[in-house]
Structures are given as structure tokens and as C-alpha cells.
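Hi,

Here is the structure I promised to pass on.

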Amino acid sequence: MGRSFLVLALLVAIACVVALSPEMSAFDNGVGDANEGYGCSTGCHTVQSSAVITMWSPTTNPGEGETVTLTVNVTGGEASDSPLGVMILSALATSGSLPSDTGWTILSDPTGTTTYNYHEIPAYMGSVSWTWTLQAPSTPDQYTLYAREIHGNGDTYSLNNQTGLTFIVGDIVTPGIISVVITSPTANSEVSDTITVAASMVPSADISYAILSIDGEEVDNKTSAPFLWTIDTHVYTDGAHVLNITATNATGAHGYEEITITVNNAGEETMLLSWVWTMAAGSILMIALIGTSMVVALLIRKHQMEKKVK
Amino acid sequence: MVSISGLHALSAELHAGFLTLAIVCILIVVAAQIIVRMRKRMPKSLVRWAIRTRGYAEITSYVAAVAGVLSLVLSAWTGMYAWRMDKLLESELVRNKILLTAYATILWGGVVFIRTRFGRGLWTCPAMTVVYVGSAIIAFGMIAIAGCLGSTLSRGESLLEPVYKFVGLDFEKGIEVDPGIAAAIALASAAALIGSLLLARVRQLFTVELGPETCQKVFRWDEPKILEPT
């Protein structure tokens, strides 16, 4: 009798553990094809992957509403015989990142039958090349699409194609002018610690130099793509700063873009200080809660026993 | 070679499993104790089941809680290295997870301390049972939320999200208290702890033993022990 109850109790306990454990711990199985925004919708994937991700389209100057294809290649990285997904995005920001947010319509994804911006395979073997077919926005302008790959395999890896692929939709190219777009950080954003400044140029061929200046002072000069700079914001005082990128190409065409960003390292430090205090105070509170409750419980017992004796 | 993330996932599974087993067994003992206490109004077969089961569940909960606390510490240690150190404290979600895990570890430590100090005799004293079970439930709630934050980090979703929305909790925002208020809480807590320890010394509570022979005449609560085979 007792043994059967023991077995029953053990089975109930095992069932509870099995039922609850998956949601209480980390496991990576991918999420499947879907429309996924930038950020944590597919898992946060904060560790930078060593993969190489490139984007290519045969038509970077389509007419309004014209059909274009976009191919994303991923090679290398940490995933091996495990899930890997790629998404195409209109911004590397947590809001407005779906291609449809800037007027693009996905006509087909790499499956050929659905129209999602995120495609995933269960077993990545070191290289993929996936093509999306899209309809360009109906308004003439400059649009940049980005690609992001994510995978697990023991960690939460991801890699963004920071530069993206810029499409000039309609006839907006002006001779003698280079269209410079600062893709990261976004204008008027608040930044701290180390940031990556990224820019794309249209036309992107034969860029002679691209100068990054902050508050009018030249920081660096690049003569070839990718136009990425890593900046330690601790060098700058907290507050607004003007970030400028100027480019010139072999034909003498010029272009520049200027954005304002706000450096806030003090906020980050204050926040960390508050967190440390919250951790310390909460821990002391928990110890006090247990200790005081035990003493109160013993006092209640003593009081009731004394009452009983009387 | 096994990656540190793999070890973290393993230790997370371990602590989640052990602590779930511990809380389930504690709740089984609670149910069994209530059934036994109200035996006159309960079916005899249920009372027999409760008397036989509670002994096994009680010792299982103790062993599982000890193993759970050890694997929780291991999980916290591997978790520190599973993320890049410079990125560890950037995410508010991760900071909340660390905070809740630390609080839960202290509470589970308290649960293990109470059981170690008073033995299964604690179940004969209702007030101490309330402290023991209450601490275990709060600690399990915290570890469940911390686990679900881990799920949000790795998969972007978790089981408790509908609950957060219903209750109005937002773990995407950091749990932070102003340093001044935190210092006041720390001082008040420390004062309360020292005060209660002094009171315990004055009232000679440090030497108290809980058990049927010291409590049962007053509280009439049985001790959940494993019965000898008949």
C-alpha cells in the first residue's frame, strides 16, 4: 500500500517537473517562419555572431511599385546542424522595423509560397542564400533594407547587416550629389558606452573618402566600405552632440548627412547604482523577513503554550 | 568542449526541476496535514493516504530544496559567464532576472535553514509551518518569474506573460528603487532583524525544539514521518 503511494507521489512529482521545466528554463528550437520585428520577438540574441551576412539585389534603382528581388547570404557562424533564421527589416530599431512599415510589400519569401519577412531552417550547415521578392514603395525616395540573422547553438547569437542595402525608388538621384544616410545611431537617440556609427552612400561606387566628424571635429576618415566607426561615448560630455558624415567620390560628387545624438553615460551609471542598492536592500529585507518571521512564530508558540499552562 | 551556456542551461534545468519538486512536495504535506488534522470529517481512505504520503513527501521536499539551492547557486555562477560581462547588465530584463534569482536564493536558503534547524517537528507548530510554507511559496514564485524571464530572453515569450498583463507587471522595465529609499529599507530591515534576534535571546528562543512532545498538546498537529511497514 505504502509503496504504491510512494510510486504515485513520485509519478505526480515527475509529471509536475516535466510540465513546468520547459517554460522555466532556456531552450532553443527556433520560432518558425513569421513576420518578426527587430528586437526580442524571436529571442533577444545579444551575442554577436562571427557569421558573414551580405545582401544583394540586381535592381537598386527600381521604379515606384516595381518588383525587385533581394538576396541575403549567410556564411559561417556558430550554428551547426541547428536552427538559423534570417529576417529582412526596414530599420534596426524596435519599432517600425517591418518592410511593410516603409511601404514595401513582400510578394514571396524564400519558401516561394508565403510572404513572411522571417525565414528559418531547422538545420544550418554553414551557408544559406535566400531570396525575397518585394514590390517597391509607391513613393519616390531612398529606402534601406537590412538583414539580420539569428541562431543559438549554445548561446544567443545574432548578426545585423548594419549597412543594409539602399534602394533609390523612382528618379531621385541628382548628378554630382552623393546621398549619405546615417543608419546607426538613429537621429535624436540617446546613447551610452560604445556605439557603432554606420552610414550608407548612394551611389556607393568609387567613394574616395568618407569623413566622420563629431561637433565639427574630424574623428576618422575612411576610403572604402564598410563605413562603420566604433565610438567610445565616454570621450564626450553628457548632452547633445552633432554627428556628421561627409563623402566624396571619384567623379567629384559630394554628399553629407548630419544628425544629433544625446550622450547619457551618467544616466547609465545612476541606473546601475540604483540597481546595486535595490539588490543590497532587497537581500537584507529577505534575510530580515525570514529571521523576524521565525522569531515571531516562536513567540506565538511560546505565548500559546504559556496560555495553555495557565 | 561543453560551452558555459550549455552548463547554464543544464544547471537551470536542475534548479527548476528540484525546486518544483520541493514546492510540490511541500504543498502535498500541507494538504496531508490539513486532512489528518480534520480526520473526523474526512473519508478514512483519504486520511490513510495522507498519513502514508506526507512522510515521503516531507523528506523529499527537504532533499529537493537542498539540491535546488545548490543548483541555483551553480546556475547563478554559470549564468554570469554565459553572457559577455560587458553586456550582462545592459538589459533591464537580465538585471531583473539576477535580482529575482538573488532574492529567491536567500528565501530558499531560509526554507532549508528552517527545516534543518527544526527538523520535521516544524510541522507540529502551525506558526512555524506558515513561515516555512509561505517562504517556500514566495521563493518559488520568484524563481518561476526569473525562469520565465530567461524564456523571454532566449525565445521572446514566456508562460507567465498573460499573468503579467493581467496583474499589470512589466519586467521589461528595471526593478529599481531610489538609493535613498533603498538605504532606508536596508536600515529598517537590519534594525528589525537585530531587534528580533535580541528579543529571541531575551525570551530564550534560540534553544527551542519543535516536535510532538513540545507542541502537540497545544496544537494537536501530527509530525509527518515515514511509517514503519506493517
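**The sheet in chain A**

Four strands of chain A form an open sheet in the order β2-β3-β7-β5, and their pairing is antiparallel. Its edge strands are β2 (52–56) and β5 (105–108) of chain A, each of which pairs on one side only. On average, neighbouring strands in this sheet are turned by 30° against each other, direction ignored. Please keep in mind that this is a predicted model.

For A:Thr105, the bridge partner in β7(A) is A:Gln135.

**The helices of chain B**

Of the 230 residues in chain B, 45% are buried. Among the contacts in chain B with a separation of 6 or more, 79% are between residues 24 or more positions apart.

*α2(B) and α4(B).* The axes of helix α2 (residues 44–82) and helix α4 (residues 92–118) of chain B come within 10 Å and cross at roughly 150°. Because of that angle, which is over 145 degrees, α2(B) counts as roughly antiparallel to α4(B). The crossing is left-handed. On the α2(B) side the contact includes B:Tyr62, B:Ala65, B:Val66 and B:Leu72, while the α4(B) side includes B:Thr101, B:Trp108, B:Val112 and B:Arg115. Sorted by class, this contact has ten nonpolar, four polar and one charged residues.

*α1(B) and α5(B).* Which angle do the axes of helix α1 (residues 4–37) and helix α5 (residues 126–155) of chain B make where they cross? They cross at roughly 150° and come within 10 Å, and α1(B) and α5(B) are therefore roughly antiparallel to each other. α1(B) passes α5(B) in a left-handed crossing. Here B:Ala12, B:Ala16, B:Leu19, B:Ile23, B:Ile26 and B:Val30 of α1(B) meet B:Val133, B:Ala136, B:Phe140, B:Ile143, B:Gly147 and B:Gly150 of α5(B). The contact between α1(B) and α5(B) has ten nonpolar, two polar and no charged residues.

Best wishes

Key. Residues numbered from 1 in each chain as written. Chains lettered and ligands numbered in written order. Predicted model: local features only at pLDDT ≥ 70, side-chain atom pairs only at ≥ 80, totals over all residues. Pairing = 2+ DSSP bridges. Helix = DSSP H or I, 4+ residues; strand = E, 2+ residues; numbered from the N terminus. Axes fitted to C-alpha atoms, helices over the stretch in contact; angles between N-to-C directions. Buried ≥ 20, exposed ≤ 12 C-beta atoms within 10 Å, placed from the backbone. Contact = placed C-beta atoms within 7 Å. Parallel < 35°, antiparallel > 145°, perpendicular 65-115°, else oblique. Left-handed = near helix turned anticlockwise from the far one by under 90°. Nonpolar A, V, L, I, M, F, W, Y, C, P; charged D, E, K, R; others polar.
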